[in-house]
Amino acid sequence: MAELKLPELAEGVNEAVVSFWHFKEGDSIKEGDEIVEMATDKAAFNVPCKFSGVLKKIVAQEGDTVKVGEALAIVE
Amino acid sequence: MKTQNVSSGSRSKRFPYWLRQSVRDNEGFTRTRELISKLGLNTVCQAARCPNIHGCFSVKRCTFLILGKICTRSCRFCAVEKNRLELKAPDKEELLKIKEAVEKLGIENVVITSVTRDDLADKGASHFADCVDILKSIGKGLKIETLVPDFLGDKRSIKKVVSARPDVFSHNLETVPRLYGKVRPEADYNRSLEVLRYAKELDRDITTKSGIMAGLGEFREEIRSVMNDLRKADCDIITIGQYLKPDAGCLDAEEFLEPAEFDKFSEWAKEAGFKKYYCGPFVRSSYTEGIWQS
């Protein structure tokens, strides 16, 4: 089981808002798939998944604010 | 023309699909970032919170910010720090470290820009010239672009940089003349045009380049007349990108222009006679540092 954490999206940007999940719980994911779209004040960013597996749990829901390093999802 | 309005201040807003960047949290990105940080260098990529940082850093591409990281002006589109009390004297060491970074990263086209330093007698021009000299010692066909401030229009300063013979001499107009008061209150449109015109007059062989941001409330026709003004100043290259608000203290974007509108700008730029033009939502003035390869 692995936790997908929010990477730094741009310099000095410490948090971002989940705008859209491209996958739902139970979906199979390959490493590198863009799994979630995050929005900062400046732009939107597609975050790639760092692991292959099944999206076990979406931790941060659409609209939630997540800090860099916090969990977005759990992949098994 | 159809455009998308921007809801102001809301953190839950969604950006239109064409303003979505991909995160590349890979080895190249990490290596570039670590080297820059180890050398204590400043990049505009970081200072401006550029959304292209993943794409550029992951292929070991960056734009260095010289003369420190504190600016003497207070342009409303820019996130670079402003604090006159913390200004430092130009540091030759900074330039040697940039040389080291360029060599270690294997950069082939380097862009050097700076904060505006109206506090310095030569406005920082000799530091730019020294930087070009030092980087030229690398050889190996390294192409050097200097993206300079307006030097308050001081011709000696412009001459100093041009005499160092960078491959490209850039100065950004940033916006249309009507919006200068709102966007870059301490600058002057005609003074900026004159910087480009004079650089070309000094050296017919130097490539000159300028950039503007779209989405600050300008009319499309105003962009067209900026293009004509730039061509009258014999400017060779233009870049046009979407303005994106870098932090809460900066101006809101008035609109997000659709990609097709940037295509229209490209057509206009071609008609106006620019040798090269780069127009698109994520185009940044130094993002196109690979221009010599295209």
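Mentor: S3(B) pairs with strand S4 (residues 63-66) of chain B. The sense is antiparallel, over two bridges. Within this pair, B:Asn42 stands opposite B:Leu65 in S4(B). Keep in mind that this is a predicted model.

Now widen the view to the sheet. Eight strands of chain B form an open sheet, in the order S3-S4-S7-S8-S9-S10-S11-S13. The pairing is mixed. Strand S3 (42-43) and strand S13 (276-279) of chain B stand at the edges. Each has a single partner strand, so one side of each is left without a neighbour in the sheet.

A helix comes next. Helix H5 (residues 125-136) of chain B lies across S4, strand S7 (109-114) and strand S8 (143-147) of chain B. Helix H5 of chain B runs at about 170° to S8(B).

From there, go to B:Lys160. This residue lies in helix H6 (residues 155-163) of chain B. B:Lys160 has 21 C-beta neighbours inside 10 Å; the cut-off for buried is 20 or more, so B:Lys160 counts as buried. Set aside its neighbours within four places in sequence. B:Lys160 is then in contact with B:Asp122, B:Ala125, B:Ser126 and B:Ala129. Take B:Ser126: 34 residues separate it from B:Lys160 along the chain, yet their C-alpha atoms are separated by 6.4 Å.

Now the other chain. In all, 21 residues of chain B are in contact with 21 residues of chain A. On the chain B side, strand S2 (residues 20-22) gives the most, with three residues. The residues on that side divide into nine nonpolar, four polar and eight charged. Strand pairing also crosses between the chains. Three bridges join S2(B) to strand S5 (residues 44-48) of chain A, and the two run parallel. Among the partners, A:Asn46 is bridged to B:Ser22 in S2(B).

Last, chain A itself. Chain A has eight strands and zero helices. Its pattern along the sequence is β-β-β-β-β-β-β-β. The radius of gyration of chain A is 11 Å, close to the 11 Å that the globule rule gives for 76 residues, so chain A is as compact as a globular protein of that length. Along the principal axes, its C-alpha atoms fill a box of roughly 30 × 20 × 15 Å. Buried residues make up 37% of the 76 residues in chain A. Of the chain A contacts with a separation of 6 or more, 54% come from residues 24 or more positions apart.

How values were computed:
Residues are numbered from 1 along each chain as its sequence is written. Chains are lettered from A and ligands numbered from 1 in the order in which they are written. This is a predicted model: local features need pLDDT of at least 70, side-chain atom pairs count only at pLDDT 80 or more; totals for chains, interfaces and linings use all residues. Two residues are in contact if their C-beta atoms, placed from the backbone, lie within 7 Å. Helices (H or I, at least four residues) and strands (E, at least two) are DSSP runs, numbered from the N terminus. Ala, Val, Leu, Ile, Met, Phe, Trp, Tyr, Cys and Pro count as nonpolar, Asp, Glu, Lys and Arg as charged, and the others, Gly among them, as polar. Two strands pair if DSSP finds at least two bridges between them. A residue is buried if 20 or more other C-beta atoms lie within 10 Å of its own, exposed if 12 or fewer, and partly exposed in between; C-beta atoms are placed from the backbone. Axes are lines fitted to C-alpha atoms, for helices over the stretch in contact, and angles run from 0 to 180 degrees between N-to-C directions. The radius of gyration is taken over C-alpha atoms; the globule rule is 2.2 Å times the number of residues to the power 0.38.
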